[in-house]
Amino acid sequence: MPDRPHDLRVLILGGTTEARRLADALAAEAPHAHVTTSLAGRVANPANPAAGDLRVGGFGGPGALAAWLVAHRIDVLVDATHPFAATISAHAAEAAAASGTDHFALRRPGWPADPRDRRHPARSLADAAALLPALGAERVFLTTGRQGLAAFAGPELDGLHFLVRTVEPPEPPLPRDIRLLLDRGPYTLEGERALLADHRIDVLVTKDSGGAATEAKLVAARELGLPVVMIERPPPPEGVPEVADVPAALTRLGVSRGAADTCP
């Protein structure tokens, strides 16, 4: 950690609301810090941070990322990617260790279970697909993102109708009977109630992504008594410290709101 905040050079691996908020908060609280947010470039029109530098595209593996960290004199690498972005998180941990760069993850907590939930855990997309026949599913609301939909395209699920919501169109293979809904959160409880009712959904399949932006679907499913197949998060890289929100990230970076002139 540098002696003063204006010496601080931070690389944020972004693509999440938390990453954007952290970049903007650093600009406000430590305006002389140099912050770069890196996006994978898989989304055509991402919501970019308002402050700091932006780079788009992969690094080419952990070795190349380590070299980038050294070349750009990065003090702290913040992994603020999606909780299911296991590959880049593993690469970040390896690159930080190889380059001697301070490193932590900004990871929002998963959704806590409610006693009224009919939650069915699954370890993977394939496990989630395998659960559907036993749940008596006929009309499934699938909110697992645009990648990996091939897990639901097998002939054993041909009798099911899938309402698939993604930010961008997915690539095949896709379920045989599908209705695609292109939309981006945040979503309202009223809107999610109407969506489930209008499409006569009887099972929700989602990832345990956490966060308020997409939580309303769980509340709506709970109110309707619908089963929810919840795909569990992949394990994080071993030994990487985690913080749960932007204020905690600022504290770890040595930047306190309203006190950016001090750095332990």
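Is D117 buried or exposed? Select D117 and have a look: at 19% relative accessibility, D117 counts as buried, where buried means under 20% relative accessible area, exposed over 50%, and partly exposed in between, using a 1.4 Å probe and protein chains only.

Before moving on, a word on what is on screen. This is a predicted model, in which local features need pLDDT of at least 70 and side-chain atom pairs count only at pLDDT 80 or more, while totals for chains, interfaces and linings use all residues. Residues are numbered from 1 along each chain as its sequence is written, and side-chain values use heavy atoms, with hydrogens and water left out.

**Stop 1**

Helices (H or I, at least four residues) and strands (E, at least two) are DSSP runs, numbered from the N terminus.

In the R116 and D114 pair, the N to O distance is 2.9 Å. R116 counts as exposed, at 59% relative accessibility.

Next, pick R193 and E223, whose side chains meet in a salt bridge of 2.7 Å, N to O. R193 belongs to helix α5 and E223 to helix α6, so the pair ties together parts that are 30 residues apart in sequence. Both ends count as partly exposed: R193 at 39% relative accessibility and E223 at 45%. The count of salt bridges comes to nine.

**Stop 2: the open sheet**

Switch to a cartoon view. Which order do the six strands of the open sheet follow? Trace β3-β2-β1-β4-β5-β12, with parallel pairing; two strands pair if DSSP finds at least two bridges between them. β3 (53-56) and β12 (242-243) stand at the edges with a single partner strand each, so one side of each is left without a neighbour in the sheet.

Zoom in on β5 (residues 102-106) and β12, which pair in the parallel sense over two bridges. Here A105 stands opposite E242 in β12.

Helix α2 (residues 62-71) lies across β1, β2, β3 and β4 and runs at about 150° to β1. These angles run from 0 to 180 degrees between N-to-C directions, and the axes are lines fitted to C-alpha atoms, for helices over the stretch in contact.

Select T37, in strand β2. T37 counts as buried, at 2% relative accessibility. Leaving aside neighbours within four places in sequence, T37 is in contact (heavy atoms within 4.5 Å) with residues including I12, A23, P49 and L54.

**Stop 3: the nonpolar cores**

In soluble globular proteins, nonpolar side chains tend to be buried together. A nonpolar core is a set of buried Ala, Val, Leu, Ile, Met, Phe, Trp, Tyr and Cys residues joined through side-chain atoms within 4.5 Å. The largest one here has 22 residues, of which I12, L22, L26, V78, L106 and L253 touch the most other members. Two or more residues come from each of β1, α1, β4, β5 and α7 (246-252), and α1 gives the most, with five. Click L26: among its contacts beyond four places in sequence are I12, V35, L250 and V255. Apart from this core lies another, of 19 residues, among them L125, L142, L149 and F162.

**Stop 4**

Most residues other than glycine have a negative phi, and most peptide bonds are trans. Select P172 and P173, joined by a cis peptide bond with omega of about 5°. P173 is in the loop between β8 (161-166) and β9 (177-182).

Finish at R73, in the loop between α2 and β4, where phi is near 55°, a positive value in a residue other than glycine.

Technical notes: Salt bridge = Lys/Arg side-chain N within 4 Å of Asp/Glu carboxyl O.
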